[in-house]
Amino acid sequence: MNAYILCGGQSKRMGRDKALLPFRGIAMAQYISQSLYRAGFSHVYAVVKETLPLAIPQIMEPQSTFHPLFGVHTALEHSSAPLSIITPCDLPFVSEATFKRLRSKEIFTTTYSDAQSQPLLGIFPKTLAKHALHYAEQSLSVMNFVKKSERLKIPKYELVNINTPQNLKENQ
């Protein structure tokens, strides 16, 4: 199973690329890739809009407009496996145990906690690639895209997003 880190967002609230933010001494996307490797994923890729200075193989997302499902589409089109794990680059607290639990799933699965849903962290089947592209091209809701997924409950703190400079400061 391949693993993909979505790094193609605009980072408007952060004001700079979240994938490159220093988190515990390394770029946040690099930190997440290390967790994925430790959880047993042997192929980890960053899905990017432009080449980033990361020590992670990168897959270029060709669309110039921004919608997270363009990244999902790019990942699923790239994958040679029937299922892939996908995670945003701004969720550094997802544990190796959660990645392993997701890895054991054999169907479309997304995550949630008591506090929120996270539709972009989960196991996605390759067969949804064209569906993801359609949703992105039509600017449709990510939540609607994942509404038929199985849902895996994970601890609330693992779904803390680092979206703003204040989030980064509070969670270092």
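This is a predicted model: local features need pLDDT of at least 70, side-chain atom pairs count only at pLDDT 80 or more; totals for chains, interfaces and linings use all residues.
Next I checked how the two strands are joined. β4 covers residues 43-48, and three bridges link this strand to β5, with the pair running parallel.

Then I traced the whole sheet. I get an open sheet of seven strands in the order β5-β4-β1-β6-β8-β7-β9, and the pairing is mixed. β5 (58-60) and β9 (150-153) are the edge strands; each has a single partner strand, so one side of each has no neighbour in the sheet.

On to the helices. I noted that α2 lies across β1 (2-6), β4, β5, β6 (83-88) and β8 (117-125), and that α2 runs at about 20° to β8.

How do α2 and α4 pack, by angle and by distance between axes? For α2 (residues 68-78) against α4 (residues 129-137) I have an angle of about 160° and axes 8 Å apart. Angles over 145 degrees count as roughly antiparallel, and that makes α2 roughly antiparallel to α4. The crossing of α2 past α4 is left-handed.

I listed who makes the contact. From α2 come Leu-69, Phe-70, Val-72, His-73, Leu-76 and Glu-77. From α4 come Ala-129, Lys-130, Ala-132, Leu-133, Tyr-135, Ala-136 and Glu-137. Sorted by class, I have nine nonpolar, one polar and three charged residues in the contact of α2 with α4.

How values were computed
Residues are numbered from 1 along each chain as its sequence is written. Side-chain values use heavy atoms; hydrogens and water are left out. Axes are lines fitted to C-alpha atoms, for helices over the stretch in contact, and angles run from 0 to 180 degrees between N-to-C directions. Helices (H or I, at least four residues) and strands (E, at least two) are DSSP runs, numbered from the N terminus. Angles under 35 degrees count as roughly parallel, over 145 as roughly antiparallel, 65 to 115 as roughly perpendicular and the rest as oblique. A crossing is left-handed if the near helix is turned anticlockwise from the far one by less than a right angle, and right-handed if clockwise. Contact means heavy atoms within 4.5 Å. Ala, Val, Leu, Ile, Met, Phe, Trp, Tyr, Cys and Pro count as nonpolar, Asp, Glu, Lys and Arg as charged, and the others, Gly among them, as polar. Two strands pair if DSSP finds at least two bridges between them.
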